[in-house]
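Please open the structure in a viewer and keep the selection tool at hand.

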Amino acid sequence: MNEIILEVRQLVTEIHQRRGWLRVVDDVSFNVRRGEIVGLVGESGCGKSMTAFSLMQLFPTPAARVTSGQIQFEDRDLAKLTADEMRRVRGAQIAMIFQDPATFLDPLMTLGNQIAEPLRAHNFAGNATARTRELVAQMGLPDPELMVRRYPHQVSGGQKQRALIASAMACAPKLLIADEPTTALDVTVQAQILDLMRDLRDQTGAAILLITHDLGVIAEMCDRVYVMYAGKIVEHNTTRELFRAPRHPYTQGLLRSTVSLESASAELFAIPGTVPNLNELPTGCRFAPRCPIANAQCKQEPPFVANDASAVACWNVERAAASDIWKLEIGS
Ligand SMILES: Nc1ncnc2c1ncn2[C@@H]1O[C@H](COP(=O)(O)OP(=O)(O)O)[C@@H](O)[C@H]1O
Ligand SMILES: [Mg+2]
């Protein structure tokens, strides 16, 4: 159970722009074990989706490409595969689902046909119709017979996302990448979809890389978590430890801004400022301009030990641990 199936090392992904190459994923390392749910969390624009696209070697823009690093998946480095070899991995060994299911469903195709699409693409040897019905039932969709004949506009948002997950799970992938899978759904449906993903992990043993801006989702779902800021991983740990004792000021801020249903506190907190433009990155720690305890040392890049059991990229971990640094911020 402890076997690592995905080991990403020093991944760099860049987008070619008129002003040169923009490094959207910068020296990112992480791993995922068989059957594990690993979270990747950070504010919008931090490079989470670009990290996911890098693993799939499939980008929303032709200007993007992985420029260095390794993506070791089982015994292969995905960064070295040809387009053809990668096509055989995608949808079969690694599948991906996205925030907005509507964008990825063909309005003119029945859900049944769309769920069966990866089976056809990867020359499924068994009975595709039976497999499709089985998937529909497994997704908790009502009336499988009827559901497979429905078109996307005839079903709810939650049912669309279930259909997309069914399609992703069709070939029994070993890794499911879920990029903000519940962000577009209302809260009740969100919880149901998360339950479904957890059940699928339990039943199939598939590992899940769960990408979200929401630490609440992470707490609910993940075994371990990586925190990403401005293209870099700044902290990682087990979910339990990360929530018990967040070490990076950014993680501490994210945690404070997560609305907790248990806490009676009505205080709404947001980390002041915004994620820096990748064209105008500060030197040294990228979070320093927003950090309440930044000092002169933060002009240097903080050390970071990648792929240890846990790690944090901050010069002032002791100070961050010693006091409630964001409380200071609010009071001042
Ligand atoms: N299609 C695109 N073309 C150019 N730049 C992009 C594109 N998609 C994302 N980016 C840039 O890549 C960076 C990371 O974006 P993204 O990975 O989407 O962040 P996240 O998923 O964490 O919100 C951002 O600076 C964003 O502006
Ligand atoms: Mg994204």
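Why is helix 11 (residues 249-256) largely enclosed by the rest of the structure? Select this helix: seven of its eight residues are buried, so the rest of the structure largely encloses helix 11. The buried residues are Pro249, Tyr250, Thr251, Gln252, Gly253, Leu254 and Arg256. Here a residue is called buried if 20 or more other C-beta atoms, placed from the backbone, lie within 10 Å of its own, exposed if 12 or fewer do, and partly exposed in between. Helices (H or I, at least four residues) and strands (E, at least two) are DSSP runs, numbered from the N terminus.

The model is predicted: local features need pLDDT of at least 70, side-chain atom pairs count only at pLDDT 80 or more, and totals for chains, interfaces and linings use all residues. Residues are numbered from 1 along each chain as its sequence is written, while chains are lettered from A and ligands numbered from 1 in the order in which they are written.

Next, display the whole protein. It contains 13 helices and eleven strands. Its radius of gyration (taken over C-alpha atoms) is 21 Å, close to the 20 Å that the globule rule (2.2 Å times the number of residues to the power 0.38) gives for 332 residues, so the protein is as compact as a globular protein of that length. The C-alpha trace spans about 65 × 50 × 40 Å along its principal axes. Of the 332 residues, 41% are buried.

Now select Ala166, Leu175, Ile177, Ile208, Leu209, Leu210 and Val227. These have the most contacts inside the largest nonpolar core, which has 86 residues. Such a core is a set of buried Ala, Val, Leu, Ile, Met, Phe, Trp, Tyr and Cys residues joined through C-beta atoms within 7 Å. Helix 7 (residues 157-169) gives the most to this core, with six residues. Centre the view on Ile177: leaving aside residues up to four places away in sequence, Ile177 touches Ala52, Leu55, Ile94, Met96 and Leu209, a contact being C-beta atoms, placed from the backbone, within 7 Å.

Finally, turn to the open sheet of four strands, whose order is 2-1-4-5 with antiparallel pairing; strands pair if DSSP finds at least two bridges between them. At its edges lie strand 2 (20-33) and strand 5 (76-77), each pairing on one side only. Two bridges join strand 4 (residues 64-73) to strand 5, and Gln72 stands opposite Asp77 in strand 5.

Key: Contact = placed C-beta atoms within 7 Å.
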